Amino acid sequence: MSTAWRIGVDSRRCIGTSICAGTAPEHFRLVDGLSAPLADVVAPAEVIIDAADSCPVEAITVRDAADDRLIAPEE
Ligand code: SF4
């Protein structure tokens, strides 16, 4: 069981829809029109997976901070 996740946002993919910030405002905000995580390493929370899965361009990745295993989006 993961104890920490690492959130990544690919700024080359992000198109600034703000869906992630709307879904998980405690984890994402828009900076200059692009999404940025408020913290890179966070405690696991289902809403982060929801945000990653709802990104239309799959710009968000969630990985286990310990072993780098991809948690979301589903491949
Ligand atoms: S949902 Fe995806 S495309 Fe939209 S702002 Fe967030 S990272 Fe960018």
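Author: Helix H2 lies across E1, E4, E5 and E6, and runs at about 140 degrees to E5. The model is predicted: local features need pLDDT of at least 70, side-chain atom pairs count only at pLDDT 80 or more, and totals for chains, interfaces and linings use all residues. Residues are numbered from 1 along each chain, as its sequence is written.

Reader: How is the angle of H2 to E5 defined, and what makes a run a helix or a strand?

Author: Axes are lines fitted to C-alpha atoms, for helices over the stretch in contact, and angles run from 0 to 180 degrees between N-to-C directions. Helices (H or I, at least four residues) and strands (E, at least two) are DSSP runs, numbered from the N terminus. H2 covers residues 46–54.

Reader: Why are the buried residues of H2 said to line one face of the helix?

Author: Seen down the axis of H2, the buried residues fall within an arc of 95 degrees, so they line one face. The arc is that of the directions from the helix axis to the C-beta atoms. These buried residues pack against several elements, including strand E1 (5–9), helix H1 (19–23) and strand E5 (60–64).

Reader: What makes E4 and E6 edge strands?

Author: E4 and E6 each pair on one side only, in an open antiparallel sheet of four strands with the order E4-E1-E5-E6. Two strands pair if DSSP finds at least two bridges between them. E1 and E4 are joined by two bridges, E1 and E5 by five, and E5 and E6 by two. Within the sheet, Trp 5 stands opposite Val 42 in E4, Ile 7 stands opposite Val 62 in E5, and the bridge partner of Val 62 in E6 is Ala 72.

Reader: Why does Asp 68 count as exposed, and where is it found?

Author: Asp 68 has 8 C-beta neighbours inside 10 Å, and therefore counts as exposed. Asp 68 is found in the loop between E5 and E6, a hairpin with five residues between the strands. Its phi is near 70 degrees, a positive value in a residue other than glycine. Most residues other than glycine have a negative phi, and most peptide bonds are trans. After E6 comes the segment that holds Pro 73, and the peptide bond from Ala 72 to Pro 73 is cis, with omega near 0 degrees.

Reader: How do you know that E2 and E3 pair, and what is the phi of Asp 32 in their turn?

Author: E2 and E3 pair in the antiparallel sense over four bridges, and the bridge partner of Arg 29 in E3 is Ala 36. The hairpin of E2 and E3 has two residues between the strands, and Asp 32 in the turn has a positive phi of about 55 degrees. Asp 32 is exposed because it has 7 other C-beta atoms within 10 Å.

Reader: Why is Leu 34 called partly exposed?

Author: Leu 34, in strand E3 (residues 34–37), has 16 other C-beta atoms within 10 Å, and is therefore partly exposed. Leaving aside neighbours within four places in sequence, Leu 34 is in contact (C-beta atoms, placed from the backbone, within 7 Å) with Ser 11, Cys 14 and Gly 16.

Terms used. A residue is buried if 20 or more other C-beta atoms lie within 10 Å of its own, exposed if 12 or fewer, and partly exposed in between; C-beta atoms are placed from the backbone. Two residues are in contact if their C-beta atoms, placed from the backbone, lie within 7 Å.
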